[in-house]
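Here is a short report on the pockets, cores and selected residues of one protein model. Please keep the structure open while you read.

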Amino acid sequence: MRTHRIAAIPADGIGKEVIPAGLRVLQALAERSGDFRLDVTEFPWGSDYYRQIGRMMAEDGLETLKGFDAIFFGAVGDQHISDDITLWGLRLRICQGFDQYANIRPTRVLPGLTSPLRAVNPGDIDWVIVRENSEGEYAGHGGRAHRGHPEEVATETAIFTRAGVTRIMRTAFEIAAKRPRKLLTVVTKSNAQKHGMVFWDEIAAEVAAQYPQVTWEKELVDAMAARMVRRPGSIDTVVATNLHADILSDLAGAVAGSLGVAPTANLDPSRRFPSMFEPIHGSAFDIAGLGVANPVATFWTAAMMLEHIGEAPAAERLMAAVERVCADGVLTADLGGTAKTEEVTQAVIAAIRGANA
Ligand code: IPM
Ligand code: MG
């Protein structure tokens with residue numbers, strides 16, 4: 001019997017609804033598989049913890065998390081605490097502390113879902129966006145001077161390092177090489193940003209030389225946004241900077257039918273540290289506590305987590321169950337349905353239990 005240690009951090013808003021749902025589904029999968037178990041520890045970190053303790057996570061939180069095989073994360077963000085405290089205190093702290101430099105965002109139009117793009121049907125879109133997750137525009141480099149005076153100035157410097165760009169390009173080429181089309185689009189803005197983005201392009205070309213089996217191309221980020229809408233079928237694997245991919249991945253989620261289904265994995269591909277798996281949607285406090293949150297993004301990210309920890313058959317079984325339930329029309333309100341979180345969760349668990357494969 002294989003045992004995997006999972007740290008669960010529901011944190012804020014609908015994270016407290018979708019993570020418990022995800023854990024039940026994972027438990028059902030472990031039972032159905034019979035050859036692995038998940039040893040789950042839940043952590044109470046997040047904005048409520050901050051209100052009580054004055055910190056977003058325990059002081060030795062990173063040290064504690066190091067002992068786990070993966071982190072299953074909900075969402076962070078609170079109406080009454082500023083985002084730079086909540087985000088930097090928990091999610092970005094874990095991403096940066098564990099050098100989770102590759103953020104993987106798959107997009108597909110699942111069966112039963114409708115893309116807002118007229119000509120797009122389930123199966124037409126199958127993208128993987130690889131987001132640089134450790135530097136670029138999110139490096140936290142910069143500062144403020146002349147505070148409160150008319151001369152006040154703020155800088156926010158994007159940082160691109162040879163090591164950082166090389167490793168994300170390698171990750172992207174590796175992923176592209178394993179996919180059927182072996183096609184990688186390198187998103188850039190080197191027409192306007194002549195230092196960092198030209199460097200980015202140069203390193204892409206260097207790394208590309210090591211992957212002759214992958215067809216690659218460059219696309220400017222603005223043109224890429226238009227292409228995602230106008231020629232979505234021409235896209236397969238995409239690599240982009242932290243900010244560019246942040247924006248493009250919301251567009252991708254919308255094109256797939258809802259951000260409520262979009263998953264993400266914050267990976268340390270070198271496996272020195274645990275990787276972290278989360279839905280993209282965020283804490284959504286407008287619907288928190290109502291039991292209507294879409295758990296599909298969390299189920300999908302749970303499948304990514306299973307794959308990462310070496311349980312690929314269970315990951316496939318989970319995605320098959322999710323697709324079956326979506327195709328059957330058990331959909332939450334963000335997808336035009338009336339099902340609640342609980343109904344979708346129960347339907348997915350029933351599909352897992354009933355599956356022959
Ligand atoms: C995401 C989110 C975050 C990001 C926010 C919450 C800082 O939008 O995961 O895409 O931009 O990284
Ligand atoms: Mg985002």
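Helix α9 gives the most to the lining of the largest pocket: five residues. This is a predicted model. The pocket has a volume of about 890 Å³. Its lining counts 26 residues, and the closest to the centre are Ile104, Pro106, Val128, Met304 and Glu307. Several elements supply at least two lining residues each: β4, β5 (126-132), α5 (162-178), β11 (263-267), α9 (296-308) and α10 (312-327). By class, the lining has 15 nonpolar, three polar and eight charged residues.

The second largest pocket has a volume of about 520 Å³. It is lined by 23 residues. Val76, Leu87, Arg91, Ile280 and Gly282 lie nearest its centre. Here α4 holds the largest share of the lining, with five residues. At least two residues each come from β3 (70-75), α4 (83-97), α8 (242-255) and β12 (275-279). The lining divides into eight nonpolar, eight polar and seven charged residues.

What about enclosed space? A search of the whole structure finds one cavity of 30 Å³ or more. About 30 Å³ of space lies in this largest cavity. Pro106, Thr107, Arg108, Gly253, Ala256, Val261, Ala262 and Trp300 line the cavity. Strand β4 (residues 102-108) gives the most to that lining, with three residues.

| Space | Volume | Lining by class |
|---|---|---|
| Largest pocket | about 890 Å³ | 15 nonpolar, three polar, eight charged |
| Second largest pocket | about 520 Å³ | eight nonpolar, eight polar, seven charged |
| Largest cavity | about 30 Å³ | five nonpolar, two polar, one charged |

Next come the nonpolar cores. The largest has 86 residues. Those with the most contacts inside it are Leu26, Met169, Trp200, Val239, Leu306, Leu318 and Val348. A second, separate core has 20 residues, including Phe43, Phe68, Cys95 and Phe98.

Which residues does Met169 touch, beyond those up to four places away in sequence? They are Val186, Trp200, Ile203, Ala204, Val207 and Val239. Trp200 and Val239 are also among the residues with the most contacts in the largest core.

Two glutamates deserve a look. Glu219 sits in strand β9 (residues 215-220). Is Glu219 buried or exposed? Its relative accessible area is 17%, so Glu219 counts as buried, the cut-off being under 20%. Leaving aside neighbours within four places in sequence, Glu219 is in contact with Thr185, Val186, Val187, Thr188, Met224 and Arg227. Val186 is also one of the residues that Met169 touches. Asp84 is 135 residues from Glu219 in sequence, and the two C-alpha atoms are 31 Å apart.

Glu42 lies in strand β2 (residues 36-42). With neighbours within four places in sequence left out, Glu42 contacts Ala8, Pro10 and Leu23. Glu42 and Ile71 are 29 residues apart in sequence, yet 9.9 Å apart in space, C-alpha to C-alpha.

Finally, the annotation. UniProt lists residues 5-348 as "domain: Isopropylmalate dehydrogenase-like", in an unreviewed entry. Over residues 5-348 the chain is 40% helix and 22% strand. The end C-alpha atoms of that stretch are 23 Å apart.

Terms used: Residues numbered from 1 in each chain as written. Chains lettered and ligands numbered in written order. Predicted model: local features only at pLDDT ≥ 70, side-chain atom pairs only at ≥ 80, totals over all residues. Heavy atoms only, no water. 1 Å grid on protein atoms, 1.4 Å probe; cavity = no way out; pocket = protein on both sides within 12 Å on 5 of 7 lines; lining within 4 Å. Points joined across faces, edges and corners; volume = space filled by probe spheres on them. Helix = DSSP H or I, 4+ residues; strand = E, 2+ residues; numbered from the N terminus. Nonpolar A, V, L, I, M, F, W, Y, C, P; charged D, E, K, R; others polar. UniProt positions renumbered as here; feature names shortened; annotations may be inferred. Core = buried A, V, L, I, M, F, W, Y, C linked by side-chain atoms within 4.5 Å. Buried < 20%, exposed > 50% of the residue type's maximum accessible area, 1.4 Å probe, protein only. Contact = heavy atoms within 4.5 Å.
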